[in-house]
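Work through the exercises below with the sequence and the structure in view. Try each task before reading its solution.

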Amino acid sequence: MTQRMIEITSPYFIAEGQLSEPADWTEIFGSHRPLALEIGCGIGDFMVQLAARHPETNFLAIDIYNKGCLKTCRKIEAAGLDNVRVLRAEARFLLAHFIEREALCGVYINCPDPWPKKRHRQRRLVNREFLRTLLYYLQPGGELYFSTDFVDYAYDVADLLPAIEGYQNRLAKPFVLDLPGYPRSKYMRRFLDLGQPVHFIHYRKDEALRADESLLAEPLPGFRVRWSHAQNG
Ligand SMILES: C[S@@+](CC[C@H](N)C(=O)[O-])C[C@H]1O[C@@H](n2cnc3c(N)ncnc32)[C@H](O)[C@@H]1O
């Protein structure tokens, strides 16, 4: 049975069809503030906390999960935040079509799908190509935060980042098990409540690095994925 997708009518929801390529985020937000992106916002717990703490920043929260986008919009409305917009989009598609070079002051990725089976790991979003691609979209000095409950994923990303020219570790260790002041997402809370660790990584793009197209040279798997409405509730 095909699941019907709930229509999201929130003023904070941006339908992909409304966007120009690249999108004019200043016009969409009605303000010229630095723009940050959360990839895989789930039901929005992390984003509402982060956006409330940083009214000086505009936040784009994206997920391919329609119900998650709807719940995120409801939380933003309840919190009365004017600095968040929600988009149902696949991360690589969003970046390739709607974000300009060095347009992002920060990227947040929390508990992304771990694809724990070895044979499925190539499906993970955060791999070397994706981390290089983010350097194209981050402004010099832009922040990258990654968290995961899955220890192998933490080790993989912690190993990849130092080998990519253009990133600097902001922590004393490859990853930490507590990042004071960093909001907790639904998945983080779920694992922490079970006594299981969450691993946090925080890097910054070098101030001196200017992004050029060579960072995009390796085609990303799923780069052009547009999610059909029937695929995901
Ligand atoms: C395990 S959930 C974590 C949700 C939330 N970040 C949290 O920590 O509670 C991963 C989320 O990422 C979304 N997601 C996975 N791959 C994505 C992609 N390529 N682009 C956008 N969203 C993605 C999924 O739909 C899902 O909602």
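The model is predicted: local features need pLDDT of at least 70, side-chain atom pairs count only at pLDDT 80 or more, and totals for chains, interfaces and linings use all residues. Residues are numbered from 1 along each chain as its sequence is written.

**Exercise 1.** Find the strand order of the open sheet and its edge strands.

*Solution.* Strands (E, at least two residues) and helices (H or I, at least four) are DSSP runs, numbered from the N terminus. Two strands pair if DSSP finds at least two bridges between them. The eight strands run in the order 1-4-3-2-5-6-8-7, with mixed pairing. Strand 1 (13-14) and strand 7 (167-169) are the edges, each pairing on one side only. Next, take strand 2 (35-39) and strand 5 (104-110): they pair in the parallel sense over five bridges. In this pair, L37 stands opposite V107.

**Exercise 2.** Which residues of helix 4 are buried, and what do they pack against?

*Solution.* A residue is buried if 20 or more other C-beta atoms, placed from the backbone, lie within 10 Å of its own. In helix 4 (91-98) this holds for A91, R92, L94, L95 and F98. They pack against strand 2, strand 3 (58-63), strand 4 (84-88) and helix 5 (128-137).

**Exercise 3.** Judge the confidence of the chain from its pLDDT.

*Solution.* pLDDT is the predictor's confidence in each residue, from 0 to 100. The chain mean is 92, and 91% of residues reach 70 or more. Over residues 222-233, however, pLDDT is below 50. Where pLDDT is low, the predicted coordinates should not be read in detail.

Note on methods:
Two residues are in contact if their C-beta atoms, placed from the backbone, lie within 7 Å. A residue is buried if 20 or more other C-beta atoms lie within 10 Å of its own, exposed if 12 or fewer, and partly exposed in between; C-beta atoms are placed from the backbone.
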